[in-house]
Amino acid sequence: MVKLYTRAQNSAGERVRIALHLKRIEFEYVPVVSANTEEYRLHNPQGLIPTLEVDGVNLHQSLTIIEYIDELIPDPPLLPSDLLLKAKSRAFALAISAEAHALTVRRVRKYLTNQAGLPNCNVLGTGRTIALAPLRACL
């Protein structure tokens, strides 16, 4: 049995959901109202979304989950067969998940503003401006 713990409008969870649909894997969608509950932390001790549960084993981090899905069911492949194009695709995915995505997460912006003392980090437009530079470099 496969369960996807996520919530609507969570971009990391959407990446996994799309991969599951592309691979035609049936799954149960388990809505997560709050990732900071004891109940959810039993599935993901980090308290981050998404979590994919496969036969009672929990997988975390969207790109790791997507790699698992692609290796589990190789056809149709999610990545190109050409090694250079595959590497560029992975670099683009990492730029989105590790660089651009981080600045859209309220938890990260709150830390940058309150703990690191950076001004205007609560303004999403500032994050978007910063985050687009690495994405443009990947294209």
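Predicted model: local features only at pLDDT ≥ 70, side-chain atom pairs only at ≥ 80, totals over all residues.

Visitor: Which secondary structure elements does the chain have, and in what pattern do they follow along the sequence?

Guide: One begins by listing the elements. The chain has six helices and four strands. Along the sequence they follow the pattern β-α-β-α-β-β-α-α-α-α.

Visitor: How much of the chain is buried?

Guide: A residue counts as buried when its relative accessible area is under 20%. The chain has 139 residues, and 32% of them count as buried. The accessible surface of the chain comes to about 9,100 Å², and carbon and sulfur atoms hold 59% of that surface.

Visitor: What share of the contacts joins residues 24 or more positions apart?

Guide: Among contacts with a separation of 6 or more, residues 24 or more positions apart account for 54%.

Visitor: Let us turn to the backbone. Which peptide bonds are cis?

Guide: The general idea is that most peptide bonds are trans, and most residues other than glycine have a negative phi. In this chain, the bond from Ile49 to Pro50 is cis, with omega near 10 degrees. Pro50 lies in the loop between helix 2 (38-41) and strand 3 (51-54). The bond from Asp75 to Pro76 is also cis, with omega near 0 degrees. Pro76 belongs to the loop between helix 3 (62-72) and helix 4 (83-104).

Visitor: Where does Arg24 lie, and is this residue buried or exposed?

Guide: Arg24 is in the loop between helix 1 (11-22) and strand 2 (28-31). Its phi is positive, about 60 degrees, although Arg24 is not a glycine. Arg24 counts as exposed because its relative accessibility is 72%, and the cut-off for exposed is over 50%.

Visitor: What is the phi of Gln61?

Guide: Gln61 has a phi near 75 degrees, a positive value in a residue other than glycine. Gln61 is found in the loop between strand 4 (57-60) and helix 3. With a relative accessible area of 41%, Gln61 is partly exposed.

Visitor: Finally, which residues does Asn58 touch, leaving aside those up to four places away in sequence?

Guide: One first locates the residue, then lists its neighbours. Asn58 lies in strand 4 and, at 23% relative accessibility, counts as partly exposed. With that exclusion, Asn58 touches Leu42, His43, Thr51, Leu52 and Glu53. The side chain of Asn58 reaches the backbone oxygen of His43 at 3.5 Å. Asn58 and Val2 are 56 residues apart in sequence, and their C-alpha atoms are 9.8 Å apart in space.

Terms used:
Residues numbered from 1 in each chain as written. Heavy atoms only, no water. Helix = DSSP H or I, 4+ residues; strand = E, 2+ residues; numbered from the N terminus. Buried < 20%, exposed > 50% of the residue type's maximum accessible area, 1.4 Å probe, protein only. Contact = heavy atoms within 4.5 Å. Areas by Shrake-Rupley, 256 points an atom, 1.4 Å probe, with all protein chains shown as cover. Polar contact = N/O pair within 3.5 Å; in protein donor to acceptor, adjacent residues only side chain to side chain.
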